[in-house]
Amino acid sequence: MACQSVTYHIPKQMAPRTVEISPNDVIWDNMAIKWWHEWARSALVFAVVVGMLLLWAFPVAWTASLAQLDALVEEYSWLHWLVENKTVHNIIKGVAGVLPAAVLALLLILVPITMSWLATFQGAKTGSQTSETVQRYYFAFLFVQVFLVVSITSSTFQTIANITEDVT
């Protein structure tokens, strides 16, 4: 730890340093970025990631609704033509079981690629800093999208079905 830090002009403070880095890991284009450019880029990237969190919720919620497709078909009378045919009903059960996970996986493949580009734009100086930034943003993204959005939307469709049943 002592090799990776340098004394700072304020007592009991240290400044982090990166030592023993491969020249191939350095992102040379980001070495000349001024500190205030890096801060502005960080704010812009943070705003883009928050925007992705909000906008990605719609396709993720759609995948959660696909998982409830079987229950919705059985609940609403205008969809009973799908239940009458057993073959179609079995296909709907299969689609409700497999398709949501497949579509969600395809949606989530795009996120780290985008975040890697955003971390490089933000001003990460090395590949390891880029990976660390992607991991931080991606954890927040997965927590919100996969945990919160999926659990809230899947329970919402069941609740709506129960409410319409109780109201009538």
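Helix 2 crosses helix 5 with left-handed geometry. In this predicted model, the angle between helix 2 and helix 5 is about 165°, and their axes lie 7 Å apart. Because angles over 145 degrees count as roughly antiparallel, helix 2 and helix 5 are roughly antiparallel to each other. On the side of helix 2, which spans residues 57–67, the contact is made by Pro59, Val60, Trp62, Thr63, Leu66 and Ala67. Helix 5 contributes Ala96, Leu99, Pro100, Val103, Leu104 and Leu107. By class, the contact of helix 2 with helix 5 holds 11 nonpolar residues, 1 polar residue and no charged residues.

Helix 1, covering residues 35–55, also packs on helix 5, at an angle of about 160° and with the axes 9 Å apart. Helix 1 and helix 5 are therefore roughly antiparallel, and their crossing is right-handed. From helix 1, the residues in contact are Glu38, Arg41, Ser42, Leu44, Val45, Val48, Val49 and Met52. They meet Val111, Thr114, Met115, Leu118, Phe121 and Gln122 of helix 5. The contact of helix 1 with helix 5 comprises 9 nonpolar, 3 polar and 2 charged residues.

Helix 1 and helix 2 pack against each other as well, at about 30° with axes 5 Å apart. This angle makes the two helices roughly parallel. Leu53, Leu54 and Leu55 of helix 1 are in contact with Ala57, Phe58 and Pro59 of helix 2. The residues of this contact are 6 nonpolar, with no polar and no charged residues.

| Helix pair | Angle | Axis separation |
|---|---|---|
| Helix 1 and helix 5 | about 160° | 9 Å |
| Helix 1 and helix 2 | about 30° | 5 Å |
| Helix 2 and helix 5 | about 165° | 7 Å |

Helix 5 itself runs over residues 86–122, a total of 37 residues. From its first C-alpha to its last it reaches 54 Å, close to the 54 Å expected at 1.5 Å a residue. Where does helix 5 bend? The bend, of about 35°, is at Leu99, and a proline, Pro100, follows within four residues. After helix 5 comes Gly123, which has a positive phi, near 120°.

How values were computed: Residues numbered from 1 in each chain as written. Predicted model: local features only at pLDDT ≥ 70, side-chain atom pairs only at ≥ 80, totals over all residues. Heavy atoms only, no water. Expected span 1.5 Å × (residues − 1). Bend = angle between axes of the 7 residues up to and from the residue. Axes fitted to C-alpha atoms, helices over the stretch in contact; angles between N-to-C directions. Parallel < 35°, antiparallel > 145°, perpendicular 65-115°, else oblique. Left-handed = near helix turned anticlockwise from the far one by under 90°. Contact = heavy atoms within 4.5 Å. Nonpolar A, V, L, I, M, F, W, Y, C, P; charged D, E, K, R; others polar.
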